[in-house]
Amino acid sequence: MPDPGPGLSRLCPACGRRVPRSVALCRCGAGLPALDDGPPEAQDPPTRGLTAMNLAAGLLLLAAVAATGYWSFTRPPAAAPQGPAARRGVAEGGFLPLPATNGPPLLFGERGNVPANADNRAPEADPLPPVAEPEAATPLEDVVGRVLPAVVLVETSSGRGSGFYVRPDTLITNLHVVKSDGFVKLRRTDGTTVTARVDLRSPAHDLAILRVTAPAADQVVIDMGTADTLRPGQEVINIGSPFGTLRNSVTRGIVSGIRRSGVATMIQNDATAHPGNSGGPLLDRNGVAVGITTGGENDKPGIHYAVAIDHAREILGGRLADSTAPPLAIRDVKAVDPASSEPQRVIDERAFTAAVARIAATADALDVEWTKFREACYTGTVPGSTGREWLVMLSPRPITPSQVSFGACATFVTGVQAEANRLRAAMRGALDSARRAGVLPGTIRDALQANRLEFDWDR
């Protein structure tokens, strides 16, 4: 075995044992030749003390590594920094300058902490939340099933028609169904019957309001919507009793157009209707009543009409059209002239809105005077609550006379009363003209609300 050269030991040439270089006699008894280590600069430097130091340093390093590993595996994970601490940087307490990325900037924790993302890579973005699926429309059969118990067969002395509940004790039908009868019989979906009184009539809209004396506590009703927002092509549903025998028949169609007959707004549609359907509800896709099926023309199949539900709402509110208006006639239904740049309905609505605005201007001036009166002359309370407090002067017992100061204050009260009466006359005239022109009740209501003139002007 060749001698590895200078080192800490050497080989015995007789037995091959490795012996220290400083030993001159091997254990086998053979003498070892004298060493020739060459010039001093080629000799190995002293190593004993250095080796011991290296060994101690190595052990200390190993212990440090082991302790670090133990601590990192046994200590609980650090909580993610929250609040302002999550946004303090290493040096200045802010963001670390990073290359421009599409992701959010890297955030550092407390001063001196090494960020987990030290290579400045943008953190992976959280996955986008799934796109919510559009809510499915209620199945048509469910909509119909919900409202069917509110539709009834109306039996009169001269025939049969349809009607529907809008309140537990109140139903709507056509006037031509009940004619001159004072009482009618209602046949419900379950076959039971009840007597109803014909409470209100409006020939100009061909509508009648029926009242039930002892309504069922669980009676299903149909919500009333508006014809104001109907658009051609919108889906509608017709429920009634065609020929007076096929109770609760359902047909479906679309809005063909909005027409007028006298003072009534009519909904033209192609949902099939027959004699006996009259008085039944015309519903939108959500089961809300938008009209009352009235009839069609025998020589024009596919063309059917319903009176706008807005008129029924007005009648229920106690505001009947002028009794001198002619009865509604299907053959008098008029279409909007396509050559006209502006339908007559729009012109009539604009005229009514302008009239209400003029009245509101005078009402604003009266507001100012009323405020002066309240501060100087009247210490009592004003009954009721309206958009304009002085409207109380149009009620039967407006204010307490004993709490009004004498002299100029009493004269002022007389002046306010006269001005309020003048405004009431003007408003009655505007409302009468609007109703005669067929302005929809919803349009009238919106104009009054916008000008703080909601009040029972007809009383």
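Modeller: Helices (H or I, at least four residues) and strands (E, at least two) are DSSP runs, numbered from the N terminus. This is a predicted model, where local features need pLDDT of at least 70, side-chain atom pairs count only at pLDDT 80 or more, and totals for chains, interfaces and linings use all residues. Residues are numbered from 1 along each chain as its sequence is written, and side-chain values use heavy atoms, with hydrogens and water left out.

Biologist: What makes Val144 buried rather than exposed?

Modeller: Buried means under 20% relative accessible area, exposed over 50%, and partly exposed in between (1.4 Å probe, protein chains only). Val144 has 10%, so it is buried. Val144 sits in helix α2 (residues 140–147). Leaving out residues up to four places away in sequence, Val144 touches Ile237, Ile239 and Val250; contact means heavy atoms within 4.5 Å. Val144 and Val250 are 106 residues apart along the chain, yet their C-alpha atoms are separated by 8.1 Å.

Biologist: Which residues of α5 are buried?

Modeller: Among them are Phe352, Ile359, Leu366, Trp370 and Phe373. Asp348, Glu349 and Asp367 are buried too.

Biologist: Why is α4 called oblique to α7?

Modeller: Axes are lines fitted to C-alpha atoms, for helices over the stretch in contact, and angles run from 0 to 180 degrees between N-to-C directions. Under 35 degrees counts as roughly parallel, over 145 as roughly antiparallel, 65 to 115 as roughly perpendicular, and the rest as oblique. The axes of α4 (residues 309–316) and α7 (residues 441–450) cross at roughly 60° and come within 8 Å. That makes α4 oblique to α7.

Biologist: Which residues meet there?

Modeller: Asp310, His311, Arg313 and Glu314 of α4 meet Pro441, Gly442, Ile444 and Arg445 of α7.

Biologist: Why is strand β13 called largely enclosed?

Modeller: Seven of its eight residues (289–296) are buried, so the rest of the structure largely encloses β13.

Biologist: How do you know that β13 pairs with β14?

Modeller: Two strands pair if DSSP finds at least two bridges between them. Five bridges join β13 to β14 (residues 304–308), and the strands run antiparallel. Gly295 has Tyr305 in β14 as its bridge partner.
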